Amino acid sequence: MGMIKGSSERIIDYLRISVTDRCNLRCIYCMPSDGIRPVKHKDIIRYEEIIRIVRIATYLGIKKIRLTGGEPLVRKNLEYLIASISNIPKIQEISLTTNGVLLKEYAHLLASAGLRRVNVSLDSIRPGRYKEITRGGDLRSVMEGIHEAERAGLLPVKINMIPIKGINDDEIEEFARLAIETHIHVRFIEFMPIGAREIWSQERSVPTDEIKERVSAIMPLLPVKVRGLGPARYFRSEIARGAIGFISPVTDHFCNSCNRIRLTSDGKIRPCLFSETEIDIKSEMRSGASDKEIERLLRLSVAIKPKRDSLKPQILMEHERDFAFLRPMSKIGG
Ligand code: SAM
Ligand code: SF4
């Protein structure tokens with residue numbers, strides 16, 4: 001069966017799976033200070049259920065899988081899930097988004113199970129500030145994790161950084177220098193009004209144009225055409241070994257290049273990060289749905305992917321109240 005296209009003819013080949021909503025950090029832009037009520041153990045999607053969904057999703061053209069969370073490395077036996085998914089014909093790539101704290105321990109094990117790449121979320125390279133932003137994280141363990149991931153061949157390691165005004169935006173140039181000095185790809189992501197009720201304000205979100213201008217001042221940026229779809233725009237520089245990427249959900253057209261659907265940690269398919277619509281695929285599976293029925297639900301979730309052009313600032317301003325009450329990224333699978 002052929003590839004599926006979303007409502008505006010986008011090719012949907014990418015499934016992001018949140019394997020847990022639990023996390024060993026409490027980043028100020030992601031989690032409220034009093035934490036979140038975790039999904040009950042019985043409601044968390046089981047590995048066998050994930051594997052079945054991925055197998056069926058390949059009939060629709062899904063080729064790439066990203067494991068995320070919460071913090072995916074806090075879920076036990078992740079290597080089993082990775083090995084099982086990589087045995088599914090037509091899956092071309094499995095990657096992981098992690099805060100990196102446990103990467104040192106798991107990088108080699110996961111790489112031998114079939115993991116290909118990692119994205120590490122890191123918002124400060126100053127130990128004290130890192131601890132504040134993550135409410136307790138240890139920067140050294142993350143840096144060691146990144147090195148271990150490189151040694152395990154999980155290349156290129158990509159760092160995701162969210163500049164937030166008055167919190168870490170003075171480190172934009174320092175992060176850009178990481179791409180000059182190392183092979184790391186540094187991606188700047190605009191701060192979104194999701195899950196961060198306490199610190200969100202429009203003014204705190206640094207627009208890509210501003211970030212790009214500051215990065216360009218220390219390294220001339222040349223656009224790169226990278227294969228594949230997806231929201232990141234990449235640049236290289238003659239003086240840099242790594243690349244620089246920008247992800248601009250707030251100020252740029254984003255929906256048109258969105259090639260993904262999400263599976264939440266409680267087993268729901270979420271066609272769009274910014275829409276509350278979810279399809280409860282786990283409950284259907286647990287009440288005996290056939291592969292055909294699961295396939296129908298997956299196709300439906302692609303068909304209802306919203307067409308909205310972008311989350312332009314004015315749209316955000318209008319809907320700020322609603323967005324602020326969206327499920328945090330840790331639940332959705334950021
Ligand atoms: N725990 C893992 C990590 O931190 O990489 C995976 C899950 S985390 C929810 C996935 C990504 O969502 C991270 O890169 C994080 O920076 C991003 N994220 C969380 N809240 C966000 C927000 N309000 N705006 C932009 N990105 C956000
Ligand atoms: Fe945890 Fe990732 Fe959210 Fe930070 S961004 S609290 S590491 S899920």
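## Basis of the model

Local features of this predicted model need pLDDT of at least 70, and side-chain atom pairs count only at pLDDT 80 or more, while totals for chains, interfaces and linings use all residues. Residues are numbered from 1 along each chain as its sequence is written, and side-chain values use heavy atoms, with hydrogens and water left out.

## Ligand 1

Polar contacts here are pairs of N or O atoms within 3.5 Å. The side chain of Ser-121 places an N or O atom 2.5 Å from an oxygen atom of ligand 1. A polar backbone atom of Met-192 is 2.8 Å from a nitrogen atom of the ligand, and a backbone N or O atom of Thr-98 lies 3.2 Å from one of its oxygen atoms. On its own, ligand 1 has 550 Å² of accessible area (Shrake-Rupley method, 1.4 Å probe), of which the protein covers 95%.

## Ligand 2 and the cysteines

Ten residues surround ligand 2, and Cys-23, Cys-27, Cys-30, Met-31 and Asn-99 are the closest.

Cys-30 counts as buried because its relative accessibility is 16%, where buried means under 20% relative accessible area (1.4 Å probe, protein chains only). Cys-272 is also buried, at 10%. The whole structure contains zero disulfides (pairs of cysteine sulfur atoms within 2.5 Å).

Methods
Chains lettered and ligands numbered in written order. Buried < 20%, exposed > 50% of the residue type's maximum accessible area, 1.4 Å probe, protein only. Polar contact = N/O pair within 3.5 Å; in protein donor to acceptor, adjacent residues only side chain to side chain. Near = heavy atom within 4 Å.
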